[in-house]
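Q: I've just opened this one and could use a quick tour. Can we go through it bit by bit?

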Amino acid sequence: MRAITINEFGGPQVLTETELPDPRPGPGQISIDTTHAAVGLVDVFFRRGDLAGRPDLPQPPLVPGLEVAGTVREVGAGVSDFQVGEPVVTLSQVGLGGYASVTLARAAMTVSLKGSGVDPAQAVSALPNATTAYLALTRVAHLHEGERILVHGVAGGLAAPFVAVARSLGASRVTGTVSSRARIKDTEHLDLEEVFTSDRFVRELDGRQVDVVVDPVGGEVRTASLDVLAPLGRILAVGHAARTPDVPLTGDDLWHRNAGILGFEVGSYLHAHPDAARPAAEKVVGLLADGKLTLRIDELPLSEAAEAHRRLEGRDVPGRLVLTI
């Protein structure tokens, strides 16, 4: 099979196209003839070695890529709910392996697209993060109908699906922030009430409070979000794209504000609770089928994986990048 490998940590140039043996599925697994592989900021973290200190994550040599779409190639022992040739999309896989013409996946972390009419590029771009949004908003933030939500970094591929999912769960008002005024145009398809730049959102809200803040940014944005929380408000930390660390907080900072900060990392959660994956995905796949959730997508061939990483590191990607195979 064709694959992009990382043999050592480094810049985009360490992404190397090569030929590898076709993987065979083991018990509970399927193999997929990959047509589309999502490219995310976490792939950049893997490539650079930002996550190298975590013993539970793969080390070089490795094939990056957490999410793919394609058709079932082969099923492993004990898998009875997929058929060869069936169109599928995977959710986030800790085991990686997506930048390849054949990908192994846990059957429990895979969702059928049969009969849905959902485009595979949209599916791999939006469904994994929409599933993240559903789990985070229902199991962690415990979103109530009528609550108000602020989504940081809303032009990005991780945060954007939170808008449609929050609305489907009954949120009364959804606003967002972006890194610069130039990025506001990249949110026009999301049906937000208002969009602010991340350096002015506290001032622009002018005392208007929100119940839940979705924050994949971190740093100063996370700390400033405390100033717009309503009583019993929650900051949902789902990433850390900022180049600066979080400002340290004490328990008293939260206690006096009647506020909470809750973390959610979908990969490790679903690795430990795979039975939660497919039911959550099935709750939101209809948003794609009905056109209520769409993302802007740029497609590049597998051979241009390094270019995809350069664009991501430039922080100028309106939506998602997808490798076609």
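**A tour of the sheet and its helices**

A: Let's begin with two strands: E11 (residues 210-215) and E12 (residues 229-237) pair in the parallel sense over five bridges. Two strands count as paired if DSSP finds at least two bridges between them. Helices (H or I, at least four residues) and strands (E, at least two) are DSSP runs, numbered from the N terminus.

Q: And where do these coordinates come from?
A: This is a predicted model, in which local features need pLDDT of at least 70, side-chain atom pairs count only at pLDDT 80 or more, and totals for chains, interfaces and linings use all residues. Residues are numbered from 1 along each chain as its sequence is written, and side-chain values use heavy atoms, with hydrogens and water left out.

Q: Back to the sheet, then. In what order do the six strands run?
A: The order is E10-E9-E8-E11-E12-E13, in an open sheet with parallel pairing. At the edges sit E10 (195-197) and E13 (259-263), each pairing on one side only. From one strand to the next, the twist averages 20°.

Q: Which helix packs on the sheet, touching E8, E11, E12 and E13?
A: That's H2, whose direction makes about 140° with that of E12. Axes here are lines fitted to C-alpha atoms, for helices over the stretch in contact, and angles run from 0 to 180 degrees between N-to-C directions. Helix H3 (residues 161-168) lies across E8, E9 (173-178), E11 and E12, running at about 170° to E9. Contact means heavy atoms within 4.5 Å.

Q: Tell me more about H2. How many residues does it have?
A: H2 (residues 120-140) has 21 residues and reaches 29 Å from its first C-alpha to its last, close to the 30 Å expected at 1.5 Å a residue. That expected span is 1.5 Å times one less than the number of residues.

Q: Where does H2 bend?
A: At Ala126, by about 35°, and Pro128 follows within four residues. The bend is the angle between axes fitted to the seven residues ending at a residue and the seven starting there.

Q: Is H2 mostly covered or uncovered?
A: Mostly covered, with 18 of its 21 residues buried. Buried means under 20% relative accessible area, exposed over 50%, and partly exposed in between (1.4 Å probe, protein chains only).

Q: What caps the N-terminal end of H2?
A: Asp119 does, with a side-chain oxygen 3.0 Å from the backbone nitrogen of Ala121.

Q: Okay, switching to Asp211. Where is that found?
A: In strand E11. Asp211 counts as buried because its relative accessible area is 10%. A polar atom of its side chain lies 2.8 Å from the backbone nitrogen of Arg148. Leaving aside neighbours within four places in sequence, the residues in contact with Asp211 include Glu147, Leu229 and Arg234.

Q: Is Leu232 buried or exposed?
A: Leu232 is exposed, because its relative accessible area is 63%. Asp191 is exposed as well, at 56%.

Q: And which peptide bond is cis?
A: The one from Pro60 to Pro61, with omega near 0°. Pro61 sits in the loop between helix H1 (41-48) and strand E4 (68-75).

Technical notes: A polar contact is a pair of N or O atoms within 3.5 Å; within protein, one must be able to donate a hydrogen and the other to accept it, and residues adjacent in sequence count only if both atoms are side-chain atoms.
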